[in-house]
Amino acid sequence: MPPKTLTRADLAAALHQEIGMSANDCSYFVEEVLANISNALVNGDDVKISTFGTFAIRQKNERIGRNPKTNEEVVIPPRKVVVFKASLKLKERVTARSM
């Protein structure tokens with residue numbers, strides 16, 4: 001059985017159950033948090049969430065790639081990518097859970 005995927009609706013439902021706010025308010029809150037994270041990344045800022053991890057934007061340089069079907073070389077243009085680095089506490093929790 002594949003692992004379950006946590007969705008926005010799951011986050012809102014967990015918040016609703018834990019805090020007791022209305023379901024609509026919880027959905028709004030989740031959307032606002034995600035929008036703030038997205039906006040910070042778009043603006044080039046890092047997002048650090050204590051005991052969870054850090055989201056950052058990294059610039060990737062242009063490079064030569066290869067089309068696996070035709071074996072033809074292609075230029076992959078420079079681009080920005082989002083990276084996530086888990087905190088030590090998150091890594092420890094995941095490692096402890098898998099043992």
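Read along the sequence, the chain follows the pattern α-α-β-β-β-β-β-α, which comes to three helices and five strands. Helices (H or I, at least four residues) and strands (E, at least two) are DSSP runs, numbered from the N terminus. The model is predicted: local features need pLDDT of at least 70, side-chain atom pairs count only at pLDDT 80 or more, and totals for chains, interfaces and linings use all residues. Residues are numbered from 1 along each chain as its sequence is written, and side-chain values use heavy atoms, with hydrogens and water left out.

**Overall form**

- The radius of gyration of the chain is 19 Å, whereas a compact globule of 99 residues would have one near 13 Å; the radius is taken over C-alpha atoms, and the globule rule is 2.2 Å times the number of residues to the power 0.38.
- The C-alpha trace spans about 55 × 40 × 30 Å along its principal axes.
- Of the 99 residues, 13% count as buried, a term for under 20% relative accessible area, with exposed meaning over 50% and partly exposed in between (1.4 Å probe, protein chains only).
- Among contacts (heavy atoms within 4.5 Å) with a separation of 6 or more, 29% are accounted for by residues 24 or more positions apart.

**Loop residues with positive phi**

- Thr51 lies in the loop between strand S1 (47-49) and strand S2 (53-60); its phi is near 65 degrees, a positive value in a residue other than glycine.
- Thr51 is partly exposed, with a relative accessible area of 47%.
- Asn71, in the loop between strand S3 (63-66) and strand S4 (73-76), has a phi near 65 degrees, also positive in a residue other than glycine.
- Asn71 is exposed, at a relative accessible area of 52%.

**Salt bridges**

- The count comes to three salt bridges, each a side-chain nitrogen of Lys or Arg within 4 Å of a carboxyl oxygen of Asp or Glu.
- Asp10 pairs with Lys4, their closest N and O atoms being 2.8 Å apart; Asp10 is partly exposed, at 25% relative accessible area, and Lys4 is exposed, at 67%.
- Arg8 forms a salt bridge with Glu31, with the closest N and O atoms 2.5 Å apart.
- Arg8 lies in helix H1 (residues 8-19) and Glu31 in helix H2 (residues 23-42), so this pair ties together parts that are 23 residues apart in sequence.
- Glu73 forms a salt bridge with Arg66, the closest N and O atoms being 3.1 Å apart; Arg66 counts as partly exposed, at 47% relative accessibility.
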